[in-house]
Amino acid sequence: MALGKYSRVDGRKSSSGYCSTVTIVVFVALCLVGVWMMTSSSVVPVQNTDVSKENKNDVKTNDIESNIDTSTESSNNSGDDSGTTDAGKSKQFEDNPGDLPDDATKGDTNGSSNIEETNNSQPKDSEKMIEEKQEDKPEEKSADETKEDSREDNKDDGSNKESDNGDEENKESQIENKDSEAGETNESNSDDNEKNSDENSGENNDKEKEGDQKKGESDQDSVEQKDKPSEVFPSGAQSDLLNESATQNGSFPTQSTESKNEKEAQNSSQPENQNGYSWKLCNTTAGTDYIPCLDNLAAIRKLPSTKHYEHRERHCPENPPTCLVPLPEGYQRSIEWPISREKIWYHNVPHTKLAEIKGHQNWVKFSGDYLTFPGGGTQFKHGALHYIDFIQQSVRDIAWGKRSRVILDVGCGVASFGGYLFERDSLTMSLAPKDEHEAQVQFALERGIPAISAVMGTKRLPYPANVFDIVHCARCRVPWHIEGGKLLLELNRLLRPGGFFVWSATPIYQKLPEDVEIWEAMKKMTNAMCWEEVSITKDTVNGVGIAVYRKPISNECYERRPSNDPPLCKDSDDANAAWNVPLQACMHKVPVAPSDRGSQWPEQWPARAEKPPYWLLSSQVGVYGKPAPEDFTADFEHWKRVVSKSYQNGLGINWATVRNVMDMRAVYGGFAAAMKEMNLWVMNVVSVDAPDTLPVIYERGLFGIYHNWCESFSTYPRSYDLLHADHLFSKIKNRCNIMALVAEVDRILRPEGKIIVRDTVEIITELENIFKSMQWNIRMTYSKDKEGLLCSQKTMWRPKEAETVQYAIA
């Protein structure tokens, strides 16, 4: 019974325990299901919101599995957004695809990059939260707002919060550069970056400053703040060049691109550069010293005679070369002035023959890696400065650097005479024929001394009449007295009335039969030309004699001559005509009317540089349409402003490295006059088809030369540090091959030398592409109202393939 009682109790206890267990299990299960359902439901609505804002996809939420997949995809997208912001922050100074708009980066963000971003989505979200805390925002944004901001930032070229400081610096840099030349240049590279962003990818700076204003309003405010219309900046390939200048000096050392339009322009311009411009090296007998118009061997071989040095005159090929002249092996950047006056790199002008022949006369000596120049010459072995000062002591009226400013040195040798006259504030045009003494003019130019390859042969020299204050010849071996004194009469044409001819030669002080014969012939000739014998002195230091003659200032002597020998030129003979004009044994009358150029001596230097010449009359119309004196003044004021406001400070040029300068299209010489205080010299070139303003340039104490840019210039390769071309290319393009002119620019410009081009936007764009095809560095471009400015720098690059120039092969 007891057992039965016990059994009944046990059965009751077992049933109760079983029910309790089931109840607990069911309860736990229900709790788990509830928790699971609550968890699932907490994901779905948030995810729907995120997807709607981030991807704008119509995602359905009918089953939980679909919602979970969508949640995963949304997390990837969210990670991508925050990753874009972080990438923009961490790669601000690197090539960053985040700088491109969404549709431009799709090709880069698909594929493996998505996998990486998915795996790193959580760390990026964490980094993003840390960034927000570090930035001390006034109020925290919700997750949705943060993602929306990230999406908007990505639209605005991937700009991010961390880049605000760089943007503010760009704004400040841009404001500081507003004072640069208005309508002429914009040299601030930071400003270039922001202007490109205005055109192609929008303004993120103003968005951060102005809050939630629309992008169009932001752009407009930016334009008003800069006070410069955005259309003044070039697009396409030119925008790319602006980026290159920013890479050098601006806030960002590198950028892949700034907009989709720019990227497309770069891609479209590459085939043109690669296929449209194919460069080859010139294969010629002259090699690295090739001068096309002086090394036309085919034309020289056909000359009937060379007794008048016809083979040293210009014989330009009908089709100028478009190949590039090779560099000497071991060529390096030229030594800067004034050290270059004393020594140059041997490998830049690798010639030693002149050192062997003239070394004892202190012309040039070879010393290791250098060629050195002690400052001597055939007639001044003990130094040019003593020789120069001795001349002035002999004739006080010479007054170097005041009355006598512009000098012509015939048969200059290595041009030490002209090189040391810089110390006396005088400017010397040195000339000598090519190869009479090996590379003498090339030595002069490498030293930083003005020089030109020319010969007194059968044609007039390419200078106007009555322009040189002094003509100098130190044993120049020119037979002045032969053939009716034809060559001496050419000097008479060039010499200003009242100017001096300084002649230092053996006939003056030696008694050899040949010297005596020449001296007697010269005395007779100069007397017949009415030249006054001012001084004949003996320099005891150098052991030479120096004769100084003066050209008359009136025609009275001509009228009193017993015979018309040499004869006066006909009245129809234009003394200023000098381009390929044959020499004649006649003498031009001296201008005497008060308004005639040459009838009065110019004002002393430097006053003559700035004042309009007395013979420019208001009744004359200047080049730019104003009365001539006003035209002159306006031109000078213009170039003073351009040089001071733009060139000296805005192009990033280290002017200490600039010595030899050429103004390829000088008008009144205003560009050179504006730079007269700088430690350089300017060769002013007046085109033969342009208004003849070269006399104006000489009148103001500067110098220059006539030239036809459809032909090669008479100088050695690598002669100039800087070329300046103001609307030259657009004028030449209608007359001859612009590619030949570009090849000539490359020939005469030194490696690392610069060219500044002012021309139409079309020409600027074309030259950009051409220069880039030669691997030149585009330092800056600017445009406004269909006018443009380009500054480019030549590099050491040379093509590998060669092209044989048949007429230049011996």
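Predicted model: local features only at pLDDT ≥ 70, side-chain atom pairs only at ≥ 80, totals over all residues.
1. Strand 11, which spans residues 544-550, is mostly covered, with seven of its seven residues buried. In a regular strand the side chains alternate between the two faces of the sheet.

2. Strand 11 has partners in strand 9 and strand 10. With strand 9 (residues 495-504) the pairing is antiparallel and runs over five bridges, and Trp-503 stands opposite Ala-547 of strand 11. Strand 10 (residues 532-539) also runs antiparallel to strand 11, joined to strand 11 by seven bridges, with Thr-537 placed opposite Ile-546. Four residues lie between the strands in the hairpin of strand 10 and strand 11, where Gly-543 takes a positive phi near 70°.

3. Strand 18 (residues 787-793) is largely enclosed by the rest of the structure, because six of its seven residues are buried. Strand 16 (residues 749-760) is joined to strand 18 by seven bridges in the antiparallel sense, and strand 17 (residues 777-784) likewise pairs antiparallel with strand 18 over seven bridges.

4. In soluble globular proteins, nonpolar side chains tend to be buried together. In this model the largest nonpolar core holds 123 residues, of which Tyr-463, Trp-480, Phe-501, Trp-503 and Phe-729 touch the most other members. Helix 27 (residues 738-748) supplies the largest share of this core, with seven residues. Once neighbours within four places in sequence are set aside, the contacts of Phe-729 include Ile-738, Leu-741, Val-742 and Val-745, and also Ile-755, Val-757 and Asp-759. A second, separate core has 19 residues, among them Tyr-387, Ile-388, Ile-407 and Ile-470.

5. Trp-776 sits in the loop between helix 28 (761-773) and strand 17, yet with a relative accessibility of 4% this residue counts as buried, because the cut-off for burial is under 20%. Beyond residues up to four places away in sequence, Trp-776 touches Val-745, Asp-746, Leu-749, Ile-755 and Phe-771, as well as Ser-792, Gln-793, Lys-794 and Thr-795. Its C-alpha atom is separated by 8.1 Å from that of Trp-797, which lies 21 residues apart along the chain.

6. The count of cavities of 30 Å³ or more comes to 10, and the second largest cavity contains about 300 Å³ of space. Its lining is formed by 20 residues, and those closest to its centre are Arg-314, Ala-454, Arg-460, Pro-462 and Ser-714. Strand 7 (451-453) and strand 14 (704-707) are the elements that give two or more residues to this lining, with strand 14 giving the most, three residues. By class the lining has 11 nonpolar, four polar and five charged residues.

Key:
Residues numbered from 1 in each chain as written. Heavy atoms only, no water. Buried < 20%, exposed > 50% of the residue type's maximum accessible area, 1.4 Å probe, protein only. Pairing = 2+ DSSP bridges. 1 Å grid on protein atoms, 1.4 Å probe; cavity = no way out; pocket = protein on both sides within 12 Å on 5 of 7 lines; lining within 4 Å. Points joined across faces, edges and corners; volume = space filled by probe spheres on them. Nonpolar A, V, L, I, M, F, W, Y, C, P; charged D, E, K, R; others polar. Core = buried A, V, L, I, M, F, W, Y, C linked by side-chain atoms within 4.5 Å. Contact = heavy atoms within 4.5 Å.
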